[in-house]
Amino acid sequence: MFCCFYTITQAQTNITFHHLTVDNGLPSGLVHCMFQDVNNFMWFGTEAGLCKFDGIKCKTYQSDANDSFSLHGNHVYAINSDGLGQVCVLTERGLNIYDGANDNFSFYAFPRVPSSSTSHVEWQIIKLNDGNILAVVGDNPYFIFDDRLKIFFAINFEDGLRYRLLDAESKGRRFCVPSPGRRGLLLWNSSANGIESNTIVFKADKKNADTVFVNGFTCLKDSTLWAATSVGLASYNIKDGANHVYTPPAQKEISFSSMVKIGNIFWLGSEKFGLWKFDIITKTFIAHYSHDATDIKSVDENGPINIFFADRQGNIWFSVFARGLDYFNEGEQKFAALLGDKEAKEKGLDNFVRALAQDSSGNVWCGTYTGSVYRFNAQRQIIAQYSGDKTGRKFASIEKILVDNKKRIWVVDDGLNFYDTAKQNFVRVFSGSTQPFAHDLFLAHDNTLYFIDNKYSIGVLTGSGNNFSYTTTNIKNVLNNLSVFFVDNNNNVYVNDVDGNIRVYKPRGNYIYSNPVMLPVHGYIKAYYQHNSTVWIATSSGVVKLAAPSFAYRLFTVKNGLPENTVYSLLPGGSSTFWLSTNRGISRFDTLAEKFTNYTTDDGLQSNEFNTNAYVLCKTGEIWFGGIHGLNVFQPASVKKDTTFPPIQITSLNVNDERYYGVNTVENNAVVSLPYAQRTVSFNFSAFEFMRPSSVSLQYHLQGFDHDWITTTNPGFARYANLPAGKYTLQVRAANSSGTWGNSIKTLQVIIATPYYQTWWFIVLICAAVIGLFYAWYYYRITQIKKMHMVRNRIARDLHDDIGSSISSISIMTGIAKDSLEKNPVRSSELIKKIGAESQQVMDSIRDIVWTINPENDMLGNMFIRMQEYTAEMLENSNIDYTFETGEHLQSIKLSMQKRRDLYLIFKEAVNNMAKYSQSTFAEIKIYRTLNKLVLCIKDNGVGFDINEVKMGNGLKNMQQRAIQLKARVDIQSEKGKGTAIRLEIPVT
């Protein structure tokens, strides 16, 4: 069936409008002002607070009565920066200056509260040439803020009127309009702080000058003034006074509420009719964008559009009254769109595209899901539509369109159809019940037409005119209608079997093929391209690079950068480049670099989902891709690789997982010094890509810790726990949409202080202490060894002097007694008694030595027991009564072996002398402690002696000598007939 010809004009350039509303974090939908600071943050002043936007999330600042450093006032009417680049915010209460290091504000109140009748559109912050700030609050007087003195002073106009200053400035003068009324334009001299002779230099129309309201204004270099006015876009030539008002076609009068100039284009916001684009060179309106309730990417509302702002990245922002913000970038749209949803709905067309092909005349044929076939001319206009064959049979869903070498146009639906150019209609091939059900059609390099029949076998079509026949090959059991097959330049047939495996059949002649070779790749064939001996295959599992005839292969998937593994097309788009359509957008594949650049709906695609056979490479080099919402058309050479890189900022620093203030991290090469206890740090960083923030990749590298760059998404986050002391530099870089990493690197230096125990002086001190301890240990060891030698020597000496001499005496006396045994028995008996006594003394000395060296006897308590035993033995045998007193607290006092020996031997000598010579009947022995001394007192009531007359024997000498070794003091008191008293004082700790 043929439908009459008609023309549908190509749609205007597609633009995606992004929306920022209260749902995205704006404090209010009523936006009064916009600003971009030196660090590329966007700032928005609203009716309910201030918003800072990094392209991903909004941060809100609002007034807090309990915080003197919060924003003062929630009605934000103007934003600008001062001479230092600090963000200045004008609210109903005064001027707020933002401190980026501490994320708070300094506040300076107005000298007086502005009039409540003042409109917010009249509030402005303007930087003056002297570095001060002019705060325009739409009232008379204006306020100028002295940035050095941090105070306001007022400017009064003699006429008493209020003036709204506009953007254009020339030679210290600014154009302004009087307020209220905003009629015409005046000149204000910022040097003289006054109006120049109240001269109106612009009128939109002489007839209605008193009713023309100026809402936006700019001055070009050719001395032409342009203004968005209440009657249209007005121009005025300063030199000759010529003026003109421009309105869109079919709009006699339109009120423009705002404007912005980008290059040779004016973007104009209207009160009721959306967004308009005006070409300054041709002086014509070239595009109009309005709200479409069915399209989320359209303008959010038709008006009033009050404020425009162009940022440094080329994005355009505008406020829609009470609806928040819209923003867009015209360069973002890289692909023209045809048959969009709006056009298809208005014209009653199907835009679910299933097949594309180009005929010999350059027309593009387009088949759709519902069985429509459209023919586009070279101007991308539909010039014909077909819905069935000449018999009136409706087409089923179009599967493929193919143009053969004879210029015949073939259409595959649930059968096979060709276009009769003479009669300009479609003819069904093999009509009747015997016709093969065609699933796919392929034109080989030798112009042979292959197809899949209704028995899922490969057949060959021959014939001409309306007479066709076909021959079935021996290739059977082909996958059902999901399959696409192809024949390479060597006539090998590539096809999927019923299990989805790719099989290759080699020809043996007369359409007979050898047993298939199974490729080690599983995936449904979608398209192919052959260059020399390399075969590229698009499959549902990725892109296969196949080297014939060895069939060695390489598979490219999402792991290599593909947006999705199901690839529908492989179209050459220049040297070593393929263009691919997928279910997640389209991709440019650089086969040399093996790199994919991916594009989505944000780049102007009809949708992210495309279809099998819906692709064509035109003779002009133009590529057409079809999907579920229309067509995309482009010249590959016009899709430039992105050579720009988004600016990067380190947005915040956390220390020990808490926000760190005091350093402005957005400043490049900022330095943060931290004590060792604060060595867990984390960073937040972002790339300022407002249109497609998720398309940006980021890499970070902590110099001094990381070995390589670490890749992450936008926004980025990095955390480092328990960093060692040292200097570290965080480096962050971004890749653009082409996947190229930029050379611009944002840095932040972090210094972790060295703890005292890791400093050089402490290490030297520790080393010295270790050496000292080692030396002390060595000295102690040597001392102990010396002491041990001294003990051994003393024991040897004692053994030699006491025991040795006694044993020698025993030996001599034994020999004499033996000789005298027969001659003088009495003499022998006396000698034997002496030998017994000497032996007993030797035994006692040995016991004393053994007792002394036993460490279990270090406590005084054990020595007191031995003293008591000795006292009892000596005094009781001499019939001397005695008392022996010690304090309980002395039991645990510990003495060294030598001190115990010396103390015991002094005691023993004293008791022995008492028993032998004192002739006493009573003795008193007392041991006690006074402060740091141990005192031994021994008294008797014996005969005593005169110390001066008695010659000091060995016993007393030994006592004195041992006292000296003890560093003790010994005092011996005695008188004849009055007994003897010995006092020994030993220092103890």
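Where is the place of P715? P715 sits in the loop between β65 (710-713) and β66 (716-720). The model is predicted. Most residues other than glycine have a negative phi, and most peptide bonds are trans.

**Cis peptide bonds**

- The bond from N714 to P715 is cis. Its omega is near 5°.
- That proline, P715, belongs to the loop that runs between β65 (710-713) and β66 (716-720).
- A cis peptide bond also links G303 to P304. Here omega is near -5°.
- P304 lies in the loop between β26 (284-289) and β27 (305-310).

- D657 is not a glycine, yet its phi is positive, at about 65°.
- The loop between β60 (648-655) and β61 (658-659) holds D657.
- L931 also has a positive phi, near 50°, and is a residue other than glycine.
- L931 is located in the loop between β70 (922-930) and β71 (933-940).

**Accessibility of the positive-phi residues**

- Is L931 buried or exposed? L931 has 79% relative accessibility, so it counts as exposed. The cut-off for exposed is over 50%.
- D657 has 48% relative accessibility, and therefore counts as partly exposed. Partly exposed covers values between the buried limit, under 20%, and the exposed limit, over 50%.

How values were computed: Residues are numbered from 1 along each chain as its sequence is written. This is a predicted model: local features need pLDDT of at least 70, side-chain atom pairs count only at pLDDT 80 or more; totals for chains, interfaces and linings use all residues. Side-chain values use heavy atoms; hydrogens and water are left out. Helices (H or I, at least four residues) and strands (E, at least two) are DSSP runs, numbered from the N terminus. Buried means under 20% relative accessible area, exposed over 50%, partly exposed in between (1.4 Å probe, protein chains only).
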